Amino acid sequence: MNKRLKSMAENREKLISAARSAFAKTGYSASSMDDITASVGLTRGALYHNFGDKRGLLAAVVAQIDGEMAVYAHKARSEAGDDWHGLLAEGAAYIKLALDPEVQRIVLLDGPAVLGDPTQWPSQSSCLESTKLTLERLIADGVLKEIDTVVGARLINGAALNAALWVAASETPQEVLPKALEAFFALATGLLK
C-alpha cells in the first residue's frame, strides 16, 4: 500500500477510535467534531473527507462496535453445542451486551436516535441470513415447526434487538435483563415442535 493510502487508513482509524471514546464518554450530541479531530492531531477536513460528517462518523463507530458484538454473539453460539442452544445463546449474548456502557450508549441509544431503525443497518443483513440458515437446519432436523425462515429470522432477531433496546433504555438495566432474557427464551421456544 502506498504511503498516502496507508496514511488515509491510519487517519480513518484514529478518527473512529477518538470518536468512539468521545461518544462513549459524553454521548453523540455532546461530542464536538473539533475536539475529536484535535485529540488525534487532525482537522475537521479529515473527518469530512473520511466520513462526510459527524453522522457518518457515528455510523462507522456503530459498525465497528456492531461487528464486535456479532463476534461475541457468534462465540456464544459456537460454545453452546448444537444449533438450537446456539440460537438461544446468540440472542441472549446480544441482549446481555446492553449492559456494556459503550454498547448501551453508542449502539442502542445514540445509534437509533441518529441513524434510524437498527433493522435497516447494513450489519443486520448478515445477522438475518445467519439466523435464517440456522432456522432452516433446525426445521430440516425436525427441531422446529415448519415456518417461513425469513419471517422467523426477522422475529427472532427483532426480539433480541428490542430486548436489548429495552434493557439499554431502562433506569434499572440489571433488573430488566433477567426479565428480557426470560421472555426471549419463552418466545423462541414457541417455535419448537
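From the N terminus on, the elements of the chain run α-α-α-α-α-α-α-α-α. That comes to nine helices and zero strands. The model is a predicted one.

**Overall dimensions and burial**

- Taken along the principal axes, the C-alpha atoms of the chain fill a box of roughly 60 × 45 × 25 Å.
- The chain has 193 residues, and 44% of them count as buried.
- Among contacts in the chain with a separation of 6 or more, 69% are accounted for by residues 24 or more positions apart.

**Packing of α1 against α4**

- Helix α1 covers residues 3–26 and packs with α4 at an angle of about 85°. The axes of the two helices are 9 Å apart.
- Angles of 65 to 115 degrees count as roughly perpendicular, and α1 and α4 are therefore described that way.
- On the α1 side, the contact is made by R12, E13, L15, I16, A19, R20 and F23. On the α4 side, K54, L57, L58, A60, V61, Q64, I65 and E68 take part.
- By class, the residues of the contact of α1 with α4 divide into nine nonpolar, one polar and five charged.

**Packing of α1 against α3**

- Helix α3 (residues 44–51) packs with α1 at an angle of about 100°, and their axes are 10 Å apart.
- That angle makes α1 roughly perpendicular to α3.
- M8, R12, L15 and I16 are the α1 residues that meet α3. Their partners in α3 are A46, L47, H49, N50 and F51.
- The contact of α1 with α3 has six nonpolar, two polar and one charged residues.
- R12, L15 and I16 of α1 are listed in the contact with α4 and also in the contact with α3.

**Largest cavity**

- Two cavities of 30 Å³ or more are present in the structure.
- The largest cavity holds about 250 Å³ of space.
- Its lining consists of 17 residues, and E90, Y94, C127, T131 and N157 are the ones nearest the centre of the cavity.
- Elements that give two or more residues to this lining are α4 (54–79), α5 (83–96), α7 (123–140) and α8 (149–169).
- With five residues, α4 gives the most to the lining of the largest cavity. The helix α4 also packs with α1, as described above.
- The lining of the largest cavity is made up of 10 nonpolar, five polar and two charged residues.

**Second largest cavity**

- The volume of the second largest cavity is about 30 Å³.
- Its lining is formed by D66, Y94, V107, L108, P118, W121, Q124 and L161.
- Sorted by class, this lining has six nonpolar, one polar and one charged residues.
- Y94 is listed in the lining of the second largest cavity and is also among the residues nearest the centre of the largest cavity.

**F185 in α9**

- F185 is placed in helix α9, which covers residues 173–189.
- The relative accessible area of F185 is 31%. Buried means under 20% and exposed over 50%, so F185 is partly exposed.
- Not counting residues up to four places away in sequence, F185 touches L88 and A92.
- A159 lies 26 residues from F185 along the chain, and the C-alpha atoms of the two are separated by 9.8 Å.

Methods: Residues numbered from 1 in each chain as written. Predicted model: local features only at pLDDT ≥ 70, side-chain atom pairs only at ≥ 80, totals over all residues. Heavy atoms only, no water. 1 Å grid on protein atoms, 1.4 Å probe; cavity = no way out; pocket = protein on both sides within 12 Å on 5 of 7 lines; lining within 4 Å. Points joined across faces, edges and corners; volume = space filled by probe spheres on them. Helix = DSSP H or I, 4+ residues; strand = E, 2+ residues; numbered from the N terminus. Nonpolar A, V, L, I, M, F, W, Y, C, P; charged D, E, K, R; others polar. Axes fitted to C-alpha atoms, helices over the stretch in contact; angles between N-to-C directions. Parallel < 35°, antiparallel > 145°, perpendicular 65-115°, else oblique. Contact = heavy atoms within 4.5 Å. Buried < 20%, exposed > 50% of the residue type's maximum accessible area, 1.4 Å probe, protein only.
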